[in-house]
Amino acid sequence: MKTRRVIGLLCACLCLCGCFETIEEVTYTDSQSGTYLLTLNCSKSKSRLKALVKLDTFMGLNIPKQWEVSNYFNTASLAVEKVPGISQVNYTEDYTNFIFTFTFKFDKTETLNKAINAAAVSITNKSNLPYYNVFNSSEETFQRNKTPNDSMARLAKKSSQHLKLISGAKATAIYRFHKPVKKVSNSKAVISKNGKAVMLQQDLPKIITDPALFTNTITF
Amino acid sequence: MKHTLIILCLSLTTGLSAQNMSDYLPKNASYIISINFAELEAKSKDMDYTRFLEPLIKGARSRYYYGSTDETSSCDLISTSDLVRKPKDFGVDMQSAFYVYSTRINDISGTAYLFKLQNVETFRSQLKTTCHKKYEYQQRHIEQATMYSTKELAVAINGSVALVFVKDYNYYDADYSHDFSANGYVDSAFGAENEADNFRNDSLFYERLNSGKNLDYDQEVENVRSMTDTMITYRAKQRQEAKELEFVNQKFNGIFDLVAKLIIPQHDNMSSDRNFMKAQQGGHDAFAYMNVYSNFAQADFNPFSWNRRYSRDKEELVSSGNRFLTSDMSATYTIDFENGKAVLSSVNSYNKNVYERFRKIYDVKMDKDLFKYIDGENLLGYMSSSVDMKEMGKFYEEFYIELLESLPKRKKEQDIMTGIELFIAFLDKEMLFNTANGNMIFACTGFTDVKVKYTTYDYDDDFQKNETTEELVEKQPKMVFVSGIGNKENARKLFDIFSKFSVFTRLKDNVFAFYGNKYQPVNIFFALTDDAIIITNDANLVQNNLGGYPKNKQMSSDEKKFISKYNFAARINSQKMLEGIKDTYFKNGETLPWFSQMMTSLGNFELYSSKPEKDGIRVTAEVTLKDQSSNALYQILKMMSAADGH
């Protein structure tokens with residue numbers, strides 16, 4: 001039920017916003033530790049979202065209330081806080097511009113993966129959610145792995161119409177390191193001028209149909 | 001033989017009248033809803049219409065407040081949700097009306113479901129009478145009926161008539177105010193008996209210890225202990241159980257008394273209410289009857305009851321008996337699904353004194369000068385009203401004073417009424433009721449472009465994120481509200497005062513604007529002309545057409561006639577509206593399946609009122625559908641199902 005409500009909001013966003021962006025940022029301060037920041041920016045569709053959040057349901061999906069969204073963030077932050085090696089968990093909710101952020105510090109990539117998994121379990125309320133390594137890192141490489149086909153993707157896949165409606169949605173990933181990057185595996189990924197950051201931008205509908213498009217192996 | 005015939009005739013008459021379900025409906029019910037399940041079932045075909053009945057389902061809501069778990073709800077005496085959703089499974093006679101009404105007798109109020117049974121045994125088999133804890137369920141028989149009750153819910157069966165009553169939640173009724181288990185069985189008698197027993201034992205022990213015999217001390221303690229009266233606890237428990245039973249019985253008595261009164265034909269019943277019977281005999285798919293005054297008098301709507309609702313202070317209440325305008329008030333709402341059309345109708349009934357006043361209020365026609373401000377070329381829908389605002393203001397002033405005076409209140413609260421009257425005496429009625437003269441049109445005339453700022457990010461050479469603000473053009477529905485002017489001098493005075501607020505910008509002598517902010521991204525213009533006050537987000541109207549649109553761009557004569565004919569009128573050109581939404585909100589003209597379904601099925605919406613008749617005024621709303629051969633309920637449900645993604 002909880003999962004359905006989260007999916008409800010996201011799908012409703014997808015269908016009515018059309019234009020929104022997600023930004024995933026991982027910034028390493030040394031070879032091990034760093035900061036994770038996830039941003040959902042629906043500012044471009046704020047007028048429609050303002051109307052949408054007043055509804056209880058849309059297209060058969062439950063639309064959560066503002067306090068419920070806050071609850072999800074709170075639950076996720078509490079779950080992430082419990083992961084050893086995680087600190088400074090924080091989230092922001094801006095219901096004027098519909099921009100939401102979730103951030104925390106991690107001591108190593110393994111901890112980052114644990115935190116992301118803990119957040120997923122707490123939000124979806126599914127204790128049996130399979131553990132999934134979002135990132136892998138070593139001295140030589142950093143990897144962004146393929147997202148498994150989650151329920152949101154399955155739901156969106158059900159109707160090609162939904163995907164057409166979100167043709168303007170963007171997903172951005174930025175990875176910043178303390179050492180220079182030699183090469184990237186994803187042809188869409190770009191290395192920064194100082195050589196220590198990589199940015200990958202993709203259309204969200206494409207990632208939903210083919211999660212492999214967001215994968216990247218960065219070699220140092 | 002003669003006697004036998006008379007008795008037979010009498011019993012037949014009694015039998016027949018008993019079958020009239022409206023005889024069972026108490027006249028003091030604040031609302032009554034009647035559902036014709038047979039019609040709805042036939043008209044909806046295989047589609048599920050029960051979602052519309054959701055608001056009628058009580059019980060689950062009350063339980064929520066009790067904080068019960070699913071386990072207890074599965075042990076409800078009857079599931080009102082299932083009863084309303086699957087009446088056939090409960091042996092309900094689908095051909096007969098199914099009523100839901102709200103009632104209050106003494107301190108108990110709640111919702112009652114009244115219906116005729118086709119199969120009493122099927123209904124009985126649905127009652128969960130065996131899974132309740134001690135004191136949580138009782139069953140009683142009276143001459144006419146068998147009654148079953150838990151603390152929140154009661155069921156009564158009288159022949160083929162059944163009633164389910166769901167009690168309203170009442171804080172002072174809650175069980176925790178009488179928590180017996182927490183107190184245990186320690187009462188004053190228990191204490192006294194225990195004390196006496198201890199004293200007796202101690203004395204015995206003392207006597208034996210001082211008897212001079214050589215005693216085993218431990219053995220003596222054991223001996224004295226064995227002499228303790230073990231019945232003290234048992235008796236206390238019995239007393240406590242009797243007390244608990246008495247309390248529970250008292251609670252059940254209240255519910256049983258109420259249900260016993262409701263399961264028999266009522267002395268003062270709805271059969272004598274002409275408006276209710278009119279709706280009843282209209283053969284509607286469903287209708288709702290509201291006893292307007294009863295609703296006001298009830299605690300939830302009575303403004304004088306808020307501060308005594310939770311008070312145990314039983315101060316005598318007073319009210320004025322003067323009901324010149326407020327007697328015989330009721331409202332009936334009916335709904336009928338026909339082939340290709342759904343018709344909703346409301347009749348507000350009043351007494352003959354009100355009729356005279358209403359005749360004056362509604363004896364006006366739409367001011368034709370207002371039509372010129374509506375962009376007829378892009379018109380998607382409108383609502384209009386034409387009433388004599390001065391007469392209406394006068395009427396409602398008297399009406400509400402009489403209504404408030406007649407509501408039960410404490411003696412000291414009568415001063416509130418005097419205060420209200422004093423306040424009204426100081427009001428400038430000319431300003432209040434004659435600045436706008438009661439002629440109004442509110443219309444949607446297409447879509448307009450609005451610039452909206454939004455937040456996004458750009459990235460520097462090292463991919464550091466920077467927040468930026470950009471602008472996009474969004475479509476918003478173009479709305480216009482036009483009101484006729486009564487007193488021009490007052491209209492100008494108010495217009496000038498309003499324009500001074502800092503949120504407004506004066507554009508011309510007769511135009512000022514509110515420019516949207518990040519919270520309200522919409523520009524609203526206010527204009528004053530010789531014959532109208534205009535509020536709109538259509539910049540073109542206030543900049544270029546304040547003198548009115550040219551005749552060939554105004555509303556069609558058909559629309560003008562429609563508005564002029566009725567005091568209240570509304571029309572939505574659904575097709576044009578949906579096409580506008582499609583062009584505005586869906587990229588490349590691609591829509592979702594449910595939207596396409598709406599476009600292919602939905603016709604127009606129309607609303608119009610009748611002139612006041614002697615006993616009421618009627619407002620009718622019609623939703624037409626393109627397919628005139630299939631029932632509207634079926635088509636609407638199909639559209640909704642598509643919207644749900646099924």
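Residues are called buried under 20% relative accessible area, exposed over 50%, and partly exposed in between (1.4 Å probe, protein chains only). The structure is a predicted model, in which local features need pLDDT of at least 70 and side-chain atom pairs count only at pLDDT 80 or more, while totals for chains, interfaces and linings use all residues. Residues are numbered from 1 along each chain as its sequence is written, chains are lettered from A and ligands numbered from 1 in the order in which they are written, and side-chain values use heavy atoms, with hydrogens and water left out.

Helix H11 of chain B spans residues 274-281. Helices (H or I, at least four residues) and strands (E, at least two) are DSSP runs, numbered from the N terminus. The buried residues of H11(B) are Asn275(B), Phe276(B), Met277(B) and Ala279(B). Their cover includes five strands of chain B: S1 (31-35), S2 (98-105), S8 (286-290), S9 (330-338) and S10 (341-349). At the start of the helix, a side-chain oxygen of Asp273(B) comes to within 3.0 Å of the backbone nitrogen of Asn275(B). Gly283(B) follows H11(B) and has a positive phi, near 65°.

Helix H2 of chain B (residues 37-44) also has buried residues: Phe37(B), Ala38(B), Leu40(B), Lys43(B) and Ser44(B). Elements that cover them include S1, helix H5 (80-85), S2, S9 and H22 of chain B. Just after H2(B), Lys45(B) adopts a positive phi of about 55°.

Chain B as a whole holds 22 helices and 20 strands. Of its 646 residues, 46% count as buried. Contact here means heavy atoms within 4.5 Å. Among contacts in chain B with a separation of 6 or more, 71% join residues 24 or more positions apart.

Nonpolar cores were assigned next. Such a core is a set of buried Ala, Val, Leu, Ile, Met, Phe, Trp, Tyr and Cys residues joined through side-chain atoms within 4.5 Å. The largest has 51 residues. Those with the most contacts inside it are Leu83(B), Phe98(B), Tyr113(B), Phe115(B), Phe123(B), Val155(B) and Val164(B). Helix H22 (residues 632-643) of chain B gives the most to this core, with seven residues. Domain 1 (21-174 + 254-290) and domain 3 (321-362 + 567-646) of chain B both contribute residues, so the core lies between them. The domain bounds come from an automatic or database domain assignment. Leaving aside neighbours within four places in sequence, Phe123(B) is in contact with Ile78(B), Leu83(B), Phe90(B), Phe115(B), Leu117(B), Val155(B), Ile157(B), Ala162(B) and Val164(B). A second, separate core of 45 residues includes Ile63(A), Val181(A), Ala189(A) and Ile207(A).

Aromatic pairs were then counted. Rings of Phe, Tyr and Trp (its six-membered ring) pair if their centres lie within 6.5 Å; planes under 30 degrees apart count as stacked, over 60 as edge-to-face and the rest as tilted. By this rule there are 41 aromatic pairs over all chains. The ring centres of Phe98(B) and Phe115(B) are 5.1 Å apart and the planes are at 5°, so this pair is stacked. Phe98(B) lies in strand S2 and Phe115(B) in strand S3 (residues 108-116) of chain B, so the pair ties together parts that are 17 residues apart in sequence. Both Phe98(B) and Phe115(B) are buried. Phe562(B) and Tyr566(B) have ring centres 5.4 Å apart and planes at 70°, so they are edge-to-face. Phe562(B) counts as buried at 8% relative accessibility, and Tyr566(B) is buried at 17%. In chain A, one aromatic cluster is formed by Tyr36(A), Phe73(A), Tyr91(A), Tyr95(A), Phe98(A), Phe100(A), Phe102(A) and Phe104(A).

Individual residues complete the description. Ser43(A) is placed in the loop between strand S2 (34-41) and helix H2 (46-52) of chain A. With 0% relative accessibility, Ser43(A) counts as buried. Not counting residues up to four places away in sequence, Ser43(A) touches Asn97(A), Phe98(A), Ile99(A), Tyr454(B) and Thr455(B). Gln88(A) is not a glycine, yet has a positive phi of about 50°. Gln88(A) is found in strand S5 (residues 86-94) of chain A and counts as exposed at 57% relative accessibility. Asp328(B), also not a glycine, has a positive phi of about 55°. Asp328(B) sits in the loop between helix H12 (292-297) and S9 of chain B, and at 55% relative accessibility counts as exposed.

Note on methods:
A polar contact is a pair of N or O atoms within 3.5 Å; within protein, one must be able to donate a hydrogen and the other to accept it, and residues adjacent in sequence count only if both atoms are side-chain atoms.
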